[in-house]
Structures are given as structure tokens and as C-alpha cells.
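Please read the points below alongside the model.

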Amino acid sequence: MKNTHPVIYLVIDAGGEEVEDFKKLYPVDWCQDRINKTDLPYVDPVSFLAWIETNRVKNLGKTFEQISQEYIETLNASKGDDK
């Protein structure tokens with residue numbers, strides 16, 4: 001597929017309303033940038049697992065959330081280098 005991005009976000013802002021049930025989100029959109037604090041990141045799981053393996057020693061003792069955030073920051077930094 002052409003023009004893919006390493007990380008995309010599921011934009012889940014429901015007009016500023018707090019939504020507690022994922023099934024009640026409508027409509028939802030995907031975006032290459034985080035629009036709202038509540039947007040959920042999606043990354044290619046194969047690339048993510050390969051990155052975790054490559055950085056195995058560096059990631060020791062970190063939570064999954066910390067590792068995930070570092071991966072997304074790495075992707076966003078490399079996206080900025082392409083500009």
C-alpha cells in the first residue's frame with residue numbers, strides 16, 4: 001500500500017463529549033497526527049515487536065506503556081527528519 005505512516009491515530013473525540021463505551025463512538029476517523037489527547041495510537045505490530053527485540057536490553061524494567069510511548073516518540077522523531 002502506498003503512502004502509509006508508521007503510526008496513525010484513531011480520533012475518538014465525540015464532539016467534546018466523554019464516551020465510555022467504544023461501541024458508541026460514531027463516527028471515528030484515522031489521522032497520521034494526534035488531534036486530541038484521547039486519540040488512540042495504532043502501530044504496525046510486526047515493526048513494533050521487531051523494535052522491542054532490537055532494544056531488548058534498553059527496555060528491561062520498563063512497563064509496556066513506557067516502551068510503547070518511546071516507540072511512538074521514535075517514529076515521530078524520524079517522521080520529522082523526512083521533512
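1. Asn59 is buried, with a relative accessible area of 5%, where buried means under 20% relative accessible area, exposed over 50% and partly exposed in between, computed with a 1.4 Å probe on protein chains only. Asn59 lies in the loop between α1 and α2, and helices (H or I, at least four residues) and strands (E, at least two) are here DSSP runs numbered from the N terminus. Not counting residues up to four places away in sequence, Asn59 touches Trp51, Ile52, Ile67 and Glu70, a contact being heavy atoms within 4.5 Å.

2. On the basis of the values: this is a predicted model, in which local features need pLDDT of at least 70 and side-chain atom pairs count only at pLDDT 80 or more, while totals for chains, interfaces and linings use all residues. Residues are numbered from 1 along each chain as its sequence is written, and side-chain values use heavy atoms, with hydrogens and water left out.

3. Trp51 touches Asn59, Ile67, Glu70, Tyr71 and Thr74, again leaving aside residues up to four places away in sequence. Trp51 also belongs to the largest nonpolar core, whose 9 residues are Val7, Tyr9, Val43, Phe48, Trp51, Ile67, Tyr71, Ile72 and Leu75; such a core is a set of buried Ala, Val, Leu, Ile, Met, Phe, Trp, Tyr and Cys residues joined through side-chain atoms within 4.5 Å. At least two residues of this core come from each of β1, α1 and α2, and α2 gives the largest share, 4 residues.

4. Strand β1 (residues 7–11) is largely enclosed by the rest of the structure, because 4 of its 5 residues are buried. It runs antiparallel to β3, to which 4 bridges join it, and Tyr9 stands opposite Pro41 in β3; two strands pair if DSSP finds at least two bridges between them. With β2 (residues 29–31), β1 is also antiparallel, through 3 bridges, and Val11 stands opposite Asp29 in β2.

5. The largest pocket holds about 260 Å³ of space. A pocket is an open set of points on a 1 Å grid over the protein atoms alone, where a 1.4 Å probe fits, with protein on both sides within 12 Å along at least five of seven lines, and lining residues have an atom within 4 Å of a point. Of the 13 lining residues, Arg34, Pro41, Ser68, Gln69 and Ile72 are the closest to its centre. The largest share of the lining, 6 residues, comes from α2.

Technical notes:
Points joined across faces, edges and corners; volume = space filled by probe spheres on them.
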